[in-house]
Amino acid sequence: MSSINSNNAGINYNSDATGTLIIQTQNTNAISIDTFQTVTVNSTTASTTPTTGALIVAGGLGVSGNINVAGNIGVNGNITIGDGVGTDVVTINAQLLSGTQLKTSQSNGNTLNISAYDVNDAVYRDLITLTAGNTPTLTINSNGVGTIDNMTIGGSTAAAATFTSLTATGAIT
C-alpha cells in the first residue's frame, strides 16, 4: 500500500488482487475503481441540498447511459425531457399526490397539450389544450369518438354520454 500524507489527511491507495484501485481515508475504503472502470463511492452520507451528500459535483454532469435512483430526486430548476423529435417517452408508474399540477408557463398564448397517438394516421392528435392568457382556455379536441362520464361544466354535471362532437356554451344539463 502506498500513502500520501498531506496535513495528516492519511490518504492511502493500493491495488488488490483483482486489480482494483482502492483509495482510503483514515483506514476506510472511500473510493474504488475496478478493472471494468467501475467507480464506487463508499460513503453513505445523505444528500439534502446540492452541496451535501456522498458525491458533490461543482460543475455539470453528463451521462450517456441510464440513471437508476433508489431514493428521491429533488430538482431546483427546470427539467427538459427529450430532444424535440417526438420519439422520447416519459412513463410515470406512481400515484400523483393530491394537489399535483400540470401548468402552462406564464407567457400569454403558451399551451400545454395532452396528445394521443393515432395509429391509423401515424400522428399524434392533441386531445386537450390549455392556453395561458388574460382568459385562460381549455379546448377539448376530438377527431373520433369519445366518452364523457360525469363532467362538471359551469356548476352542472353531464351524465355519462358518448359523443362525436360537443359544443357547449354555458351550463350543460
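User: Leaving aside neighbours within four places in sequence, which residues is Asp118 in contact with?

Analyst: Contact means heavy atoms within 4.5 Å. By that rule, Asp118 touches Val123 and Arg125. Keep in mind that this is a predicted model, where local features need pLDDT of at least 70, side-chain atom pairs count only at pLDDT 80 or more, and totals for chains, interfaces and linings use all residues. Residues are numbered from 1 along each chain as its sequence is written, and side-chain values use heavy atoms, with hydrogens and water left out.

User: What joins the side chains of Asp118 and Arg125?

Analyst: A polar contact is a pair of N or O atoms within 3.5 Å; within protein, one must be able to donate a hydrogen and the other to accept it, and residues adjacent in sequence count only if both atoms are side-chain atoms. Here the side chains of Asp118 and Arg125 make one of 3.2 Å.

User: How many aromatic pairs are there?

Analyst: Rings of Phe, Tyr and Trp (its six-membered ring) pair if their centres lie within 6.5 Å; planes under 30 degrees apart are stacked, over 60 edge-to-face, and the rest tilted. The count here is one aromatic pair. Tyr117 and Tyr124 have ring centres 4.9 Å apart and planes at 65 degrees, so they sit edge-to-face.

User: Is Tyr124 buried or exposed?

Analyst: Buried means under 20% relative accessible area, exposed over 50%, and partly exposed in between (1.4 Å probe, protein chains only). Tyr124 has 52%, so it is exposed. Tyr117, at 44% relative accessibility, counts as partly exposed.
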